[in-house]
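Have the sequence and the 3D view open side by side for this one. We'll walk through a pocket, a helix and a few strand residues.

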Amino acid sequence: MGISVSKEKLKKPPLELHYLGDRVLRKATKRVAKVDDGIRELAHKMLQTMYSEDGIGLAAPQVGVHKQILVVDTDPEEAANQPLVMINPQIIRHSKQMACGQEGCLSIPNVFLDVIRPAAIEVSFKDENGRPQKISADDLLARVIQHEMDHLNGVMFVDRVENAIALAQELQKGGFSANDVKKVA
């Protein structure tokens, strides 16, 4: 059960990351109609790429694929910890309680800023075998899932940063343009 993938860092990850400013990151994704070997292979390559880049989450648009797929592993150092493959994820419930936490993104390297999100969520999705699943998540797992789900809608974490001064400074330091931020309400 689950996709078997080594958590080692590859010198050349199988998929290429796209970075803030690339239009591919702003396109909304399409639902996956059928979970097949091609989808499982994509999830496997996404996990290899995520581990190689020291990530804990990766969404398909970050590797130029416009499908509703994301992968998460909040404990990549722990070999026994199974990564999560989420296909067509939907948040069905979220807490009223909000939490502020620092986020970063493989598509915006070396930029870390505070983002406010619901502290806990319940998500329905299909797993890598096409079976319907439902999980409740809080803390880091809830934050990572919400961050990756934003990517499926063309939203990046910098779009949710409220501190405009810190945002401008961090983006400049990382060599990114504040013009590529698209504020969300």
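First, a quick word on terms: a helix here is a DSSP run of H or I covering at least four residues, a strand is a run of E covering at least two, and both get their numbers from the N terminus. Bear in mind, too, that this is a predicted model.

Now for the helix itself, which runs over residues 164-174 and has Leu167, Glu170 and Leu171 buried. Viewed down the axis of α3, these buried residues fall within an arc of 100°, so they line one face of the helix. An α-helix has 3.6 residues a turn, so residues three or four places apart point the same way. What do the buried residues of α3 pack against? Their partner is strand β5. Over on the other side of α3 you'll find Ile165, Gln169, Gln172 and Lys173, which are exposed.

## The largest pocket

Next, the empty space. Rolling a probe the size of a water molecule over the atoms shows where empty space is left. In this model, the largest pocket holds about 420 Å³. It is lined by 22 residues, and the ones closest to its centre are Ile56, Gly104, Cys105, Leu106 and Phe112.

Which element gives the most to this lining? That would be α2, with six residues. The elements that each supply at least two lining residues are β4 (98-105), β5 (108-118) and α2 (139-152).

Asn88 is worth a click: its phi is near 50°, a positive value in a residue other than glycine. Asn88 sits in strand β3, residues 84-94. Is Asn88 buried or exposed? Its relative accessible area is 6%, and because that is under the 20% cut-off, Asn88 counts as buried. The side chain of Asn88 reaches the backbone nitrogen of Val32 at 2.7 Å. Setting aside neighbours within four places in sequence, Asn88 is in contact with Arg31, Val32, Gln68, Ser124 and Phe125.

Then there's Asn110, another residue other than glycine with a positive phi, near 65°. Asn110 lies in strand β5. Its relative accessible area is 60%, so Asn110 counts as exposed.

## Ser136 out on β7

Last stop is Ser136, in strand β7, which covers residues 132-138. With a relative accessible area of 59%, Ser136 is exposed.

Which residues does Ser136 touch, not counting those up to four places away in sequence? They are Ile121 and Glu122. Ile121 is 15 residues from Ser136 along the chain, and the C-alpha atoms of the two are separated by 5.8 Å.

Terms used. Residues numbered from 1 in each chain as written. Predicted model: local features only at pLDDT ≥ 70, side-chain atom pairs only at ≥ 80, totals over all residues. Heavy atoms only, no water. 1 Å grid on protein atoms, 1.4 Å probe; cavity = no way out; pocket = protein on both sides within 12 Å on 5 of 7 lines; lining within 4 Å. Points joined across faces, edges and corners; volume = space filled by probe spheres on them. Buried < 20%, exposed > 50% of the residue type's maximum accessible area, 1.4 Å probe, protein only. Arc of directions from axis to C-beta. Contact = heavy atoms within 4.5 Å. Polar contact = N/O pair within 3.5 Å; in protein donor to acceptor, adjacent residues only side chain to side chain.
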